Amino acid sequence: MKNRELIDKLNKEKHLSEAEWIQIFDTWDAYDLQYATRVANCIALERFGRKIYFRGIVEFTNICRNDCYYCGIRCSNSKVSRYRLDEEDILKCCADGYDHGFRTFVLQGGEDPYYTQEKMCGIVKRISEEYPDCAVTVSIGELSREYYQALYDAGARRYLLRHETADPEHYAMLHPKTQTLANRMRCLRDLKEIGFQTGCGIMIGTPHQTSRYLAEDMMFMTDFRPEMIGLGPFIPHHDTPFRDEPAGSVDLTLLVIALCRIMLPDALIPSTTALGTAEAEGRQKGVLAGCNVVMPNLSPLEVRKKYMLYDGKTGTDMSAETGIRVLREQMEAIGYEVVVARGDFQERK
Ligand code: 5AD
């Protein structure tokens, strides 16, 4: 079957075999990409209209106990100037965000042991009580099931944890031995069972990634049915072991976005900062390939440059207000409007 026929088949049946996925990733061309993005964009337009959900991210700590080979804030990078925001700082970011119309706050950080279950739940509880009309999303890595449950009980309803790759061998090429795919998957399953709207996802073009690994990622997502999917190109960071590796392709990222939209029509898929960093018009292209979310940064300007997961990260030189305006203008330039709403995952029957 031709790739375009496989894309139609995916649209109809919502899954493909491993061999079919591998064929697409091995042999796609510019026309296949155009076809996939067109189908995906139609699906997104039909479900969401020309509306893009806004989520405000607060990057509240760049301290991390993990040592992922790709990430600029890995614990071995001694050149990073480390910071933590305290509860009042975080609440202040949310207050500013609320005034700008945000109804979802994403608390994202490294795996920083300082934020114990008790401390983190206290913060989540305060935000959910002060902003009962808002959704709290947490993204702080691998934790115990008990900790996840406590976050849920404190009012968090969404959790983002990219799986990074669904293949254990590939996972081991991106992480030290102490970090395992098995535990990451345990976390994702716990989150789903607890009732979180759960986000997984990958970088496109990480070192050693192959068509087979991408096929495994797609098949994992077929089964797992994430409510949210984070996808962006790998971008090297100069103080990591992957400093000399090539960046991931924007076009392949757009293809994966489009295929995810076709496979999971209801999913919330952000057009990520990494996509906007890899190419000036990357975020607009993401939306036209099926994304329906953008996540402006609400962190204080002073700490932005310290949350450098990769080189050149866009938006680190502008205030929250300017960042929001730029994103709004980018969306309006392609005929989309940014909406003020919680934008919960909704499954269409
Ligand atoms: N390039 C692109 N994305 C990265 N991330 C971490 N490091 C990089 C990089 N060098 C992504 C990972 C992680 C998310 C928070 O950021 O997928 O899950």
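Biologist: How far is a nitrogen atom of the ligand from a polar backbone atom of Leu-309?

Modeller: Please note that this is a predicted model, in which local features need pLDDT of at least 70 and side-chain atom pairs count only at pLDDT 80 or more, whereas totals for chains, interfaces and linings use all residues. Residues are numbered from 1 along each chain as its sequence is written, and side-chain values use heavy atoms, with hydrogens and water left out. A polar contact is a pair of N or O atoms within 3.5 Å; within protein, one must be able to donate a hydrogen and the other to accept it, and residues adjacent in sequence count only if both atoms are side-chain atoms. Between the ligand nitrogen and the polar backbone atom of Leu-309, the separation is 3.5 Å.

Biologist: Which residue has an N or O atom of its side chain 2.9 Å from an oxygen atom of the ligand?

Modeller: The residues around the ligand, each with a heavy atom within 4 Å of it, include Arg-162, Glu-164, Ile-235 and Leu-309. A polar backbone atom of Ile-235 is 2.7 Å from a nitrogen atom of the ligand. The side chain that places an N or O atom 2.9 Å from a ligand oxygen is that of Arg-162.

Biologist: Is Glu-164 buried or exposed?

Modeller: Glu-164 is in the loop between E5 and helix H7 (168-174), and its phi is near 75°, a positive value in a residue other than glycine. Under 20% relative accessible area a residue is buried, over 50% it is exposed, and in between it is partly exposed (1.4 Å probe, protein chains only). Because its relative accessibility is 9%, Glu-164 counts as buried.

Biologist: What is the relative accessible area of His-208?

Modeller: His-208 lies in the loop between E6 and helix H9 (211-224). Phi of His-208 is near 70°, which is positive although the residue is not glycine. His-208 is partly exposed, and its relative accessible area is 48%.

Biologist: In what order do the strands of the six-stranded open sheet stand?

Modeller: Strands (E, at least two residues) and helices (H or I, at least four) are DSSP runs, numbered from the N terminus. Two strands pair if DSSP finds at least two bridges between them. The pairing in this open sheet is parallel, and the order is E2-E3-E4-E5-E6-E7.

Biologist: Why is one side of E2 and of E7 left without a neighbour in the sheet?

Modeller: E7 (228-233) pairs in the parallel sense with E6 (residues 197-204) over six bridges, and Leu-231 in E7 stands opposite Ile-202. Strand E2 (56-61) and strand E7 stand at the edges, so each has a single partner strand.

Biologist: Which residues of E4 point the other way from Ala-135, Thr-137 and Ser-139?

Modeller: In a regular strand the side chains alternate between the two faces of the sheet. Strand E4 (residues 135-139) is mostly covered, with five of its five residues buried. Ala-135, Thr-137 and Ser-139 point one way, and the other way point Val-136 and Val-138.

Biologist: Which helix joins E3 and E4 in a right-handed β-α-β unit?

Modeller: E3 (residues 104-109) and E4 pair in the parallel sense over five bridges, with Ser-139 in E4 as the bridge partner of Gln-108. A crossover is right-handed if, with the strands pointing away from the viewer, the path from the first strand over the helix to the second runs clockwise. The helix of this unit, residues 117-130, is H5.

Biologist: Which helix stands between E4 and E5 in a right-handed β-α-β unit?

Modeller: Two bridges join E4 to E5 (residues 158-160), and these strands run parallel. Thr-137 stands opposite Arg-158 in E5. The helix of the unit, residues 145-153, is H6.

Biologist: With which side chain does the side chain of Glu-20 make a polar contact?

Modeller: Glu-20 is found in helix H2 (residues 18-27), and it counts as buried because its relative accessibility is 16%. Leaving aside neighbours within four places in sequence, Glu-20 is in contact (heavy atoms within 4.5 Å) with Leu-6 and Lys-9. The polar contact spans 2.7 Å, and the partner side chain is that of Lys-9.
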